[in-house]
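These are my notebook entries on one structure, written as I looked things up. I begin with a single side chain and then move on to the ligand, the cores and the backbone.

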Amino acid sequence: MNLLLMGPPGAGKGTQGKRLGAKYSIPLVSTGDILRANVSDGTDLGKKAKSFMNAGELVPDALVLEMISDRLAQEDCAKGFILDGFPRNTAQAESLAGVLEGLSKSIDLALGIDVPDAELVKRLCGRRICTNKACGSGYHLDFDPPKAEGICDDCGSELYQRADDCEETIGARLKVYGEQTAPLIEYYTERKLFKAIDGTGPLDGITAIIVDAVDGR
Ligand code: AP5
Ligand code: MG
Ligand code: ZN
């Protein structure tokens, strides 16, 4: 089963994607996470991507496409995958279709998590993430705080705030989403693959709505 998780910054793609990956035993493939790992490891890709990410802009398509086609060809994606944060514009969607065709795969369902902008800003400003890459658990200072301040419940490592989770960059990210990514709702609706998900309310309720949509597709 091959799923796309779409939605604006802070919609809950990573949070829900992690839960769905565990439920269906398929990997969560987040282009944002792979890019951040490259930035922190100081790879060539990371050096090229960093300034775009910190400005809230999209990293150039060619860089992201090479990265994602390598990732989807790996063995653990054979039984399925959940893509988080890719595609992000129509050119990437067309490229993805081509890559999947080459691997004899296709998308089964594109889920669009919907959350009002004011709520997105609150979610992003308060987000904290585990520094341990193997863990990567996400928290929110108000909505989902860790038991001990600044420490991950799951592994005891320190938490950090993403460089792009500051108010001015959040504005740029929301603008880029509206201009470049939101048109994909129409793209996948035309292909009868799109399902909108109300992303407000408690995490468990949203997970249940997504699971119903996936199982009932
Ligand atoms: P990326 O990492 O994908 O960031 P994003 O799309 O801005 O989305 P986020 O990760 O910020 O939000 P999320 O939806 O995962 O929310 P989360 O679950 O964490 O991309 C970053 C950058 O990389 C881009 O700006 C771009 O530069 C580059 N990039 C990535 N992919 C690219 C591509 N394909 N092409 C080009 N460039 C690319 O939740 C957020 C917070 O809310 C958390 O604190 C969480 O605890 C809380 N929360 C979640 N659900 C709820 C709820 N129901 N109620 C209350 N709080 C909640
Ligand atoms: Mg994310
Ligand atoms: Zn952790």
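With which side chain does the side chain of Asp165 make a polar contact? I find that the partner is the side chain of Arg127, at 2.9 Å, where a polar contact is a pair of N or O atoms within 3.5 Å, and within protein one atom must be able to donate a hydrogen and the other to accept it, while residues adjacent in sequence count only if both atoms are side-chain atoms.

Before going further I note that this is a predicted model, in which local features need pLDDT of at least 70 and side-chain atom pairs count only at pLDDT 80 or more, whereas totals for chains, interfaces and linings use all residues. Residues are numbered from 1 along each chain as its sequence is written, chains are lettered from A and ligands numbered from 1 in the order in which they are written, and side-chain values use heavy atoms, with hydrogens and water left out.

**Entry: Asp165**

I placed Asp165 in the loop between strand S7 (159-160) and helix H7 (167-181); helices (H or I, at least four residues) and strands (E, at least two) are DSSP runs, numbered from the N terminus. Asp165 has a relative accessible area of 3% and is therefore buried, a word that I use for under 20%, with exposed for over 50% and partly exposed in between (1.4 Å probe, protein chains only). Leaving aside neighbours within four places in sequence, I list Leu124, Cys125, Arg127, Ile170 and Arg173 as in contact with Asp165, contact meaning heavy atoms within 4.5 Å.

**Entry: ligand 1**

I looked up the shell of ligand 1 and found 34 residues around the ligand, the closest being Thr15, Glu57, Arg88, Arg127 and Arg173; a residue belongs here if one of its heavy atoms lies within 4 Å. By class, the shell has 14 nonpolar, eleven polar and nine charged residues. Ala, Val, Leu, Ile, Met, Phe, Trp, Tyr, Cys and Pro count as nonpolar, Asp, Glu, Lys and Arg as charged, and the others, Gly among them, as polar.

**Entry: Arg123**

I followed Ala11 to Arg123, whose side chain has a polar atom 3.1 Å from the backbone oxygen of Ala11 and also reaches the backbone oxygen of Gly10 at 3.2 Å. Arg123 is found in helix H6, and because its relative accessibility is 15%, I count Arg123 as buried.

**Entry: Ser137**

Ser137 lies in the loop between strand S5 (127-130) and S6, and its side chain is joined to that of Asp154 by a polar contact of 2.5 Å. I also noted that Ser137 and Lys18, 119 residues apart in sequence, are 9.0 Å apart in space, C-alpha to C-alpha.

**Entry: the cores**

The largest nonpolar core has 25 residues, of which Leu4, Leu72, Phe81, Leu83, Leu96 and Tyr188 touch the most other members; such a core is a set of buried Ala, Val, Leu, Ile, Met, Phe, Trp, Tyr and Cys residues joined through side-chain atoms within 4.5 Å. H4 gives the most to this core, with four residues. A second, separate core of 21 residues includes Leu5, Tyr24, Ile26 and Ile210. Leu83, in strand S3, is buried at a relative accessible area of 0%.

**Entry: backbone**

Most residues other than glycine have a negative phi, and most peptide bonds are trans, so I set down the exceptions that I looked up. A cis peptide bond joins Phe86 and Pro87, with omega about 0°, and Pro87 is in the loop between S3 and H5. Ser104 has a positive phi near 55° and is exposed at 71%, and Lys192 has a positive phi near 60° and is exposed at 76%.
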